[in-house]
Amino acid sequence: MASTETKDASTTTGTGDTSGDIAGLEAGLDALESRVVDRQPWLRTAASKAFPPLIAIAIVLALWQLAYHFELKPHYLLPSPVDVGHSLQQKWLEGTLLSFVWTSVSRGALGFLASVVLGTVLGLIVARVKAVRAAIGPILSGLQSLPSVAWVPAAIIWFGLTDATIYTVVLLGAVPSIANGLVAGVDQISPLYLRAGRTIGATGLAGVRHVLLPAALPGYIAGLKQGWAFSWRSLMAAELIVNAPDLGTGLGQLLEQGRELQDMSWVLSAILLILIVGIGIELLVFAPVERRVLRSRGLLVKS
């Protein structure tokens, strides 16, 4: 009897040691696959991230100035960076620069939010209903590749020179990208997650909220980024063509006014503002959200 108890104890101890060895081995393998990075001061981190873009901007400005100096184009066709800076300064001193930017940003934000709602609903339906996917899945891909400016004449005929025309073009440009991004994210979900959700009772809207959307988040975020890019491009295309006094002046209208006046400094100033706003939204809104989502899934190493 005592020998039996001793044997059971030794077996238990051996099992415990084996479990501990396996756990230690797994921890060691995880440590080998993880890249440990010491936390750096925030000033050094900011400098390391800002330095490469600043170098690229300096190179572009230098090449631009050389092209102006050697007159690759006449100066009235290719103004210098200083001339463009003076044009921006003039708009700033007139007090109109921020109003131009705000008009376009507010339109873009409102159109994008509406696109997110419509694109999310459409993407979920296409991803989960096979008949709908077979019917309109290829159409969504085709709409995504269609240039947004192609919708402007039709929207003008439908709604005239109104804000409805601009928002229609934005929606038709952004919704397909958001829906396709969500569909791609849902397609990458492991079936195990969906079965586990059904097992614990997460079905219907609860399953979508607590299982489907969180699991598809990386692909969904990618679709949102692309949707913003398409909505901003669509907005600029619409503002270039849809021009009326009642609509106010956005960056697209500002660009068109520069073209009508044959003022290249004005035109390049508007292009620069459009570029800055697009990059700013990407860096300040989407990049942090994407990093947080990827880091929470172990796809980025927190430094």
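Which residues of H11 are buried? I started my notebook with that.

**Entry 1: ground rules.** I am reading a predicted model, where local features need pLDDT of at least 70, side-chain atom pairs count only at pLDDT 80 or more, and totals for chains, interfaces and linings use all residues. Residues are numbered from 1 along each chain as its sequence is written, and side-chain values use heavy atoms, with hydrogens and water left out.

**Entry 2: the whole chain.** I counted elements and found 12 helices and zero strands. Helices (H or I, at least four residues) and strands (E, at least two) are DSSP runs, numbered from the N terminus. Along the sequence the pattern reads α-α-α-α-α-α-α-α-α-α-α-α. I then looked up burial: 32% of the 303 residues count as buried. Buried means under 20% relative accessible area, exposed means over 50%, and partly exposed lies in between (1.4 Å probe, protein chains only). Next I took contacts, meaning heavy atoms within 4.5 Å. Among contacts with a separation of 6 or more, 70% join residues 24 or more positions apart.

**Entry 3: helix H11.** Back to my opening question. The buried residues of H11 are Leu-251, Gly-252, Gln-253, Leu-254, Leu-255, Glu-256 and Gly-258. That is seven of the 10 residues of H11, so the helix is largely enclosed by the rest of the structure. I asked what covers these buried residues, and the cover includes H3, H4, helix H10 (217-241) and H12.

Entry 4: I picked Leu-255, which sits in helix H11 (residues 251-260). Its relative accessibility is 16%, so Leu-255 counts as buried. Setting aside residues up to four places away in sequence, Leu-255 touches Leu-240, Val-267, Ala-270, Ile-271 and Ile-274. I also checked a distance: Leu-255 and Trp-266 are 11 residues apart in sequence, and their C-alpha atoms are 7.3 Å apart in space.

Glu-256 is in helix H11 too. Is Glu-256 buried or exposed? At 14% relative accessibility, Glu-256 counts as buried.

**Entry 5: H4 against H11.** I looked at how these two helices pack. Their axes are 7 Å apart, and the angle is about 130°. That makes H4 oblique to H11. Axes are lines fitted to C-alpha atoms, for helices over the stretch in contact, and angles run from 0 to 180 degrees between N-to-C directions. Angles under 35 degrees count as roughly parallel, over 145 as roughly antiparallel, 65 to 115 as roughly perpendicular and the rest as oblique. On the H4 side, the contact uses Phe-100, Val-101, Ser-104 and Arg-107, and on the H11 side Leu-251, Gly-252, Gln-253 and Leu-254. By class, I note four nonpolar, three polar and one charged residues in the contact of H4 with H11. Ala, Val, Leu, Ile, Met, Phe, Trp, Tyr, Cys and Pro count as nonpolar, Asp, Glu, Lys and Arg as charged, and the others, Gly among them, as polar.

**Entry 6: H3 against H4.** At what angle do helix H3 (residues 81-94) and helix H4 (residues 97-128) cross? Their axes cross at roughly 90° and come within 6 Å. That makes H3 roughly perpendicular to H4. H3 brings Leu-88, Lys-91 and Trp-92 to the contact, and H4 brings Leu-97, Leu-98 and Phe-100. The residues of this contact of H3 with H4 divide into five nonpolar, no polar and one charged.

**Entry 7: two loop residues.** I listed positive phi values. Glu-71, in the loop between H2 and H3, has a phi near 55°, a positive value in a residue other than glycine. Gln-262 lies in the loop between H11 and H12, and its phi is also positive, near 55°. Gln-262 is exposed, with a relative accessible area of 64%.

Entry 8: I ended with the second largest pocket, which holds about 290 Å³ of space. Its lining is Ile-57, Val-60, Leu-61, Trp-64, Leu-272, Leu-275, Ile-276 and Ile-279. Helix H2 (42-69) and helix H12 (264-296) are the elements that give two or more residues to this lining. By class, the lining has eight nonpolar, no polar and no charged residues. On a 1 Å grid over the protein atoms alone, a pocket is an open set of points where a 1.4 Å probe fits, with protein on both sides within 12 Å along at least five of seven lines; lining residues have an atom within 4 Å of a point. Grid points are joined across faces, edges and corners, and a volume is the space filled by probe spheres set on the points.
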